[in-house]
Number of protein chains: 2
Amino acid sequence: MRILVVEDEPKLLKSILEFLKTEDYICDGALSYREATDHVSTYNYDCLIVDITLGDGSGLELIKILKLYKSEAGIIIISAKDSLEDKIHGLELGSDDYLTKPFHLSELNARLRAVLRRKNYHGQENLKFGEIRIELSRKAVYLKETEVYFTPKEYELLLFFIANQNKVVTKTSIADHMWEDEYSFGSYDFIYSHIKNLRKKFEDSACPDYLKTIYGIGYKFELA
Amino acid sequence: MRILVVEDEPKLLKSILEFLKTEDYICDGALSYREATDHVSTYNYDCLIVDITLGDGSGLELIKILKLYKSEAGIIIISAKDSLEDKIHGLELGSDDYLTKPFHLSELNARLRAVLRRKNYHGQENLKFGEIRIELSRKAVYLKETEVYFTPKEYELLLFFIANQNKVVTKTSIADHMWEDEYSFGSYDFIYSHIKNLRKKFEDSACPDYLKTIYGIGYKFELA
DNA sequence: GCTGTACAATGAGAATTTTAGTAGTCGAAG
DNA sequence: CTTCGACTACTAAAATTCTCATTGTACAGC
């Protein structure tokens, strides 16, 4: 379940992303208009959460553009104003729901579930990939039928790879997803480190290592 | 026993919720139509209490929609008008009972019990989870056959965990559920504090600690 | 095939973050 | 005025994440 959150207030964006990640969504953030269109033109999202009171242009314009790229994605609008106008415009342009600041994060989650359900993504409870099984609601990872503990970063990374299975993921995109704001372009040592930990857990459980290194590019998670 | 109350008058909603909580129901509130459908699409309720004179649309419409999602849930209609028409319509659409404003909360409780009984939830008096037994009617908690006093917040938290057993509950959702009004992105110290108190009571009674910490995320209440 | 360079993997420990624990303040109820 | 529960502030402990130095590996050019 892939989500893009567009919000210009860094703190709020961060806490939304953190929360959604704890709820097992694969999500990215954009601080501006342009960043958002970049992301949308690059990745496939199932739902977009958009603050329409961004600084750099009309948020409703943005929605039109987003729709062009990704017409089947759900859209939830966030707004500070409770103005009926904006609400109506938003809904006319094809947003699926509307949320007024301030809001509870679990409220956002409820809307999100509703939107995704309306789009027939009945929230999956389990993920399977080869010998790996994940019970999302329990955050439990099973390798070959035995439960293995994964730290938050490891868990998130694993989910990310499964979401992008059979595709090459660049280190840049990994860094982008997992370390939103503060990733320094210098080295990817921290990625190597987490990759190593993942592989160690596979090995310790005699689980095949589905993670292929693509030299000079990144990784690919695939069977056999 | 999970209940959703749909009522657009905030004060009334609040007092209904408070009352139901003292009666040991796990309950959520919705101030509008849309909020209600969100909740219903997200959680499983055993009964819905719906004011059909909401501002944002016909309440009877709402009931139709609610039924679509969750046909086995009981429904009690609240209405300001005592019109026979609405009553008949409501019952036709599958509501189980009907209550006219103003009403006593104890009256609501009686209807609720009746509805739940009819649905074979014959007045669930006890909850059990491992070595924990709760007599809901008395708000009495037994750990390993000895009664232990739990403060109101501890009790509510315990019920929340039991209601969400075997699932990871994030700190955010705990905060959202237990401190609906005034929680702002602060620290989670108060959660830690209550968690500690719960665990202390388990320990003092030599009762297993079913509460697992999920580092960086929240907690999980499960056997073994 | 050999060699050099850039990239990737590894292991250990430092730094940071998160949680547990302790003590104490505040405010409401009696 | 006292008691009790709810919450806060602070310290300690635990766990995770990140850094860094080092070792190993793939690729390209010769």
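**Exercise 1. Identify which residues of H6(B) meet which residues of H8(B), and determine how the two helices are oriented.**

Solution. In this predicted model, the H6(B) side of the contact is made up of B:Lys153, B:Glu154, B:Leu157, B:Leu158 and B:Phe161, while H8(B) contributes B:His194, B:Ile195, B:Asn197, B:Leu198, B:Lys201 and B:Phe202. Sorted by class, the contact of H6(B) with H8(B) holds 6 nonpolar, 2 polar and 3 charged residues. For the orientation, take the axes of H6 (residues 152-163) and H8 (residues 189-204) of chain B, which come within 10 Å and cross at roughly 85°. Because angles of 65 to 115 degrees count as roughly perpendicular, H6(B) is roughly perpendicular to H8(B).

**Exercise 2. Describe the interface of chain B and chain A by its residues in contact, its buried area and the elements that supply it.**

Solution. Begin with the contacts, where 22 residues of chain B touch 23 residues of chain A. The area buried between the two chains is about 2,000 Å², and carbon and sulfur atoms give 52% of that area. Next, consider the polar terms: the rule finds 3 residue pairs in polar contact across the interface, both residues being at pLDDT 80 or more. On the side of chain B that touches chain A, helix H2 (33-42), strand S10 (168-170) and helix H7 (171-178) each supply at least two residues, and H2(B) gives the most, with 6 residues. By class, this side of chain B has 6 nonpolar, 7 polar and 9 charged residues.

**Exercise 3. Find how many salt bridges there are between chain B and chain A and over all chains, and examine one within chain A.**

Solution. Between chain B and chain A the count is 1 salt bridge, formed by B:Glu222 with A:Arg138, whose closest N and O atoms are 3.2 Å apart. Over all chains, the count by this rule comes to 22 salt bridges. Within chain A, the side chains of A:Arg2 and A:Asp28 meet in a salt bridge with an N to O distance of 3.7 Å. This pair links distant parts of the chain, with A:Arg2 in strand S1 (residues 2-6) and A:Asp28 in strand S2 (residues 26-30), 26 residues apart.

Terms used
Residues numbered from 1 in each chain as written. Chains lettered and ligands numbered in written order. Predicted model: local features only at pLDDT ≥ 70, side-chain atom pairs only at ≥ 80, totals over all residues. Heavy atoms only, no water. Axes fitted to C-alpha atoms, helices over the stretch in contact; angles between N-to-C directions. Helix = DSSP H or I, 4+ residues; strand = E, 2+ residues; numbered from the N terminus. Parallel < 35°, antiparallel > 145°, perpendicular 65-115°, else oblique. Contact = heavy atoms within 4.5 Å. Nonpolar A, V, L, I, M, F, W, Y, C, P; charged D, E, K, R; others polar. Buried area = accessible area lost by both parts, 1.4 Å probe. Salt bridge = Lys/Arg side-chain N within 4 Å of Asp/Glu carboxyl O. Polar contact = N/O pair within 3.5 Å; in protein donor to acceptor, adjacent residues only side chain to side chain.
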